[in-house]
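Welcome, and thanks for taking a look at this one with me. Below are some numbered points to read alongside the model.

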Amino acid sequence: MWIVKLALRRPYTFVITSILIFVLGVVTITRMATDIFPEINIPVVSVIWSYGGVSPEEMEQRIVTASERSFTTTVNDIEHIESQSLNGVSVIKVFFQPGAKIEAAVAQLTSNTQTILRGLPPGITPPLIIRYNASNVPILQLSVSSTSLSEQELYDNGNNFLRTQLATVQGASVPLPYGGKPRQIMVDIDPQALFAKGLSATDVTTAISAQNLILPGGNAKLGDREYSVRLNSSPQVLDALNNLPIKQINGTVIYIRDVAQVHDGFAVQNNIVRRDGRRSSLLTILKNGSASTLDVVARVKERLPKIQATLPKELDLEVLFDQSIFVKASIHGVLTEGLIAACLTAAMILLFLGSWRSTLIVAISIPLSILCSIIALRLIGQTLNIMTLGGLSLAVGILVDDATVEIENIHRNLGQGKPLQQAILDGAQQIAVPAFVSTLAICIVFIPIIFLTGVAQSLFMPLGMAVVFAMLASYLLSRTVVPMLAKFLLAKELHLYTEHENLGNNDNGHVIPKKDIFWRIHEQFNRQFEKFRQNYRNTLAKALNHRGVVFAMFGAFWVSALVLLPFVGQDFFPQVDAGQFRLHVRAPAGTRLEKTEQIFTQVENEIRQVIPDEELEIILDNIGLPVGGVNLAFSDTATIGPGDGEILVGLKEGKHHSTWQYVRQLRQKLTAQFPELTFFFQPADIVTQILNFGLPAPIDIQVIGPAKNRRDNYKIAKQIKTQIAQIPGAVDVHLHQVVDAPDLRINVDRSQAQRSGLTQRDVANNLLTSLSSSGQTSPNFWLDPIKGVSYLIAVQVPQYKLNSLEKIQNTPVANGSNSSQLLSNLAVVKRGKAPAVVNHYNVQPVFNIYANVQGRDLGGVASDIYKIVGQFQQKLPRGTSIIVKGQVETMNSSFLGLEVGLIFAIGLVYCLIVVNFQSWIDPFIIMMALPNAFAGIVWILFVTNTTFSVPSLMGAIMSIGVATANSILLVTFALVDY
């Protein structure tokens, strides 16, 4: 009561306080980061090894396994390790325990990789070590295209001039470009000319390394001057490299131009990007850490015109797949729903109380409570997102309770003829304790959040805090601002609570104000409501006289909800239609990049037949593996080689049918049209990508075991895949690993090589240079004096000159001391098969079966999958295990934590009510509202075909609190009247 008296005695203090809350709240909103989800901190560090030309199997055995074992020895707080080895590149993702010091982890990984370098294949460079968050996803795609510039120029401008400028945008992370052709200085050697001169590819590499140097000349002091001495160590003109001498044979100097051609070229293309059928390049922009998606996109768009002014005029830049549009739409949708809820709440208050002044008081308290919550959220480092705003929207209907109950009680006391101030004091006092207990009860139901860990806690905690802060602020405002406003605004309504008719003059001669339109509508409504209330009283009286029947009815209602519960289903998050989808296409193992591009053209044509032109915005192809491994560390791509890639399809905003309808049609049509291809859809929208946390599908069944069980584990994985594909609702079921990619096995006869004065190293070096260039083992660079960029000089045989086994066998081999020999004289070439990708989980080989869902809830499909996994658990080889990961694992752990926490919260609420009522029975009566509240939740979800998910569970938890709060008020007044 003291705080209410203080508010009435010092009203200006609380007016200023309200103004400050409003101003600070508005300023906080303008400066607070806005995003789709709260920051989800999953500490991950990626270690990226590159060694061109090495098969996935060799990458796994000689580099990855050694690295992983070393990490487990010297790196602290590892939660688990995942790795993927592809042709020439491996990505090791080290996941750390919550709370681990990620900076220390990066330092430990760096020192560790430097230590093990000497035990790895010669020529390998230290790995890239990148701090990465599994929730970081692409928020913007930037198309780099031109009608006149070559793919080499597109990639060069995108990588060296566009990307470097975008990387300085606060909160943005920009990996290497996709597509295009990386510029290189190519030394195209002629195998026949080499053999005729008695040379080999190694001789050319050695000559370039010896003749193209990056060494200073020093300084010289001549007389009074000091000169810097510069050598012509590296030619300024590219064509001068053709004139570098290789060797003198029989008095004749052999030059580069005699056996090769040096020209400005590009590396062998392994990645093609096409926009609507035309080749281009693509930059993907990710948000970094806790940066706001909206802020990052806005900064990038603001920076682009300045950057484009520095690029060639022929270069076209266009923003594609802007995820900030979806974020804005989601936030706008939540705000709109919250505003509608607030308006409906105000309308109901106006209808029931008949006082626009009372409605204004309540309407003022709601935004002030919300602004208090937003200020508190900002102080603890949270953002505005669909979780925090969703919590505030849910809370709107409850925030109104504190103010409404107090205003209504003030009205009731005024109706008893009390003076205004006394009515305010009595009205506040009568409900102070039950309102406080009700507020605490609603706050306590969010106790389950404490039981959550990891991703679930990151999602639910901000929502719960938003509601709790708003509820506490609402209660304080109902004790201060509401009484203060009531004292000033309700004084002119006192005549409405007298017995006099509002016609003419009263006995003192004063004119009684006429009733306004709101009061007259209220009176008409109230007459009808009184009839309803009387009928309710009669029904309640009958129910009290037939308690057994009523108890049986509500018991049956509760039992029916239990029966319906298995049919409601579970999803971690509702499916969203962002107007885009992402189709992965995988050709038979070993398909070359150019053939894959032709296949993609055919698939595109089928897509255009399904989706009308007036609804289709863009089709973007990304075929093959990007340059280096950096992009692989930042993406959830399932691409494993030149034989597969992704098709990203965007639909016109507001002008298309359901995206999922087109997805269903394409699943059926493409599989029937191209039976030799593998198709599956990956998440395209920002919500699903974040919730999948780096995986290409929501369900990931992993068959893990030691290397000796690899064959058996693969057979088991194929059997599991076959059975899961038959589960209703399971779609896009596929085995990630491809184990039958074609390869060529070259078996060198070491004795024959020795007789020719050659060793295995000589054969390997010459073959590596011929097929994969000298860039890996003998890197050399040429500085472009105009652009100021150093480009790799790559000695290599052009691929078109090695397009048959016979031409490969005619590769000359030499070591600089002996005449060259043809490879066919030293080795035998055989065809074989090998894995196209090798994955590890905690240093052990793993096979991944990915699955998606369609037309059924995620929980239902997962339940059937667990049954299949359970059957296989009984017949696994020793050391092999099967686990189910992905979004389904996060969903199960989250829901389990909420269930356990909710039971604990109900117990706490009961204890709180016992303390308040000093009784065991009254709290039990209050808690009896919960079973049927739960039953109502189940029934409404079932009728509306809605599943249990993050939003519906939060609403369910909130409704439990509301049911408890209402019961507390009802029992409190019942006890007072009794």
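1. A word on burial before we start: a residue counts as buried when its relative accessible area is under 20%, and as exposed when that value is over 50%. Cys443 has a relative accessibility of 13%, so this residue counts as buried. Please keep in mind throughout that the model is predicted.

2. Now for the overall picture. The chain has 978 residues, and 53% of them count as buried. Its C-alpha trace spans about 135 × 80 × 55 Å along the principal axes. You will find 30 helices and 31 strands in the chain. Among contacts with a separation of 6 or more, 80% are between residues 24 or more positions apart.

3. Back to the cysteines. How many disulfides does the structure hold? The number is zero. The cut-off for a disulfide is a pair of sulfur atoms within 2.5 Å.

4. Next, have a look at the open sheet of four strands, which has the order 13-8-25-24 and mixed pairing. Strand 13 (260-266) and strand 24 (781-784) stand at its edges; each has a single partner strand, so one side of each is left without a neighbour in the sheet. Ignoring direction, neighbouring strands here are turned by 30 degrees against each other on average.

5. Within that sheet, strand 8 (residues 183-189) and strand 25 (residues 789-796) are joined by four bridges in the parallel sense. Asp188 has Gln796 of strand 25 as its bridge partner. Helix 7 (residues 201-211) packs on the sheet and touches both strand 8 and strand 25. The direction of helix 7 makes about 155 degrees with that of strand 25.

6. Strand 19 (residues 644-651) deserves a point of its own. Is it enclosed or open? Eight of its eight residues are buried, so strand 19 is largely enclosed by the rest of the structure. Both of its faces are covered.

7. Strand 17 (residues 580-586) runs antiparallel to strand 19 and is joined to it by seven bridges. There, His584 has Glu646 as its bridge partner. Strand 18 (residues 616-624) pairs with strand 19 in the antiparallel sense, over seven bridges. Asp621 stands opposite Ile647 of strand 19.

8. Turning to the helices, where is the kink in helix 3 centred? The kink, of about 40 degrees, is centred on Val64. Helix 3 (residues 56-74) has 19 residues and reaches 26 Å from its first C-alpha to its last, close to the expected 27 Å. Val64 is one of the buried residues of this helix, which also include Met59, Glu60, Ile63 and Phe71.

9. Helix 5 (residues 151-166) bends too, by about 40 degrees at Gly158. Gly158 is among the buried residues of helix 5, along with others including Leu154, Tyr155, Asp156 and Arg163. Asn157 is also found in helix 5. With a relative accessibility of 8%, Asn157 counts as buried. Leaving aside residues up to four places away in sequence, Asn157 touches Leu162, Leu311, Pro312 and Leu315.

10. Is Leu767 buried or exposed? Its relative accessibility is 17%, so Leu767 counts as buried. Not counting residues up to four places away in sequence, Leu767 touches Ile746, Ser772 and Leu823. Leu767 and Pro779 are 12 residues apart in sequence, and their C-alpha atoms are 16 Å apart in space.

Terms used: Residues numbered from 1 in each chain as written. Predicted model: local features only at pLDDT ≥ 70, side-chain atom pairs only at ≥ 80, totals over all residues. Heavy atoms only, no water. Pairing = 2+ DSSP bridges. Helix = DSSP H or I, 4+ residues; strand = E, 2+ residues; numbered from the N terminus. Axes fitted to C-alpha atoms, helices over the stretch in contact; angles between N-to-C directions. Contact = heavy atoms within 4.5 Å. Expected span 1.5 Å × (residues − 1). Bend = angle between axes of the 7 residues up to and from the residue. Buried < 20%, exposed > 50% of the residue type's maximum accessible area, 1.4 Å probe, protein only.
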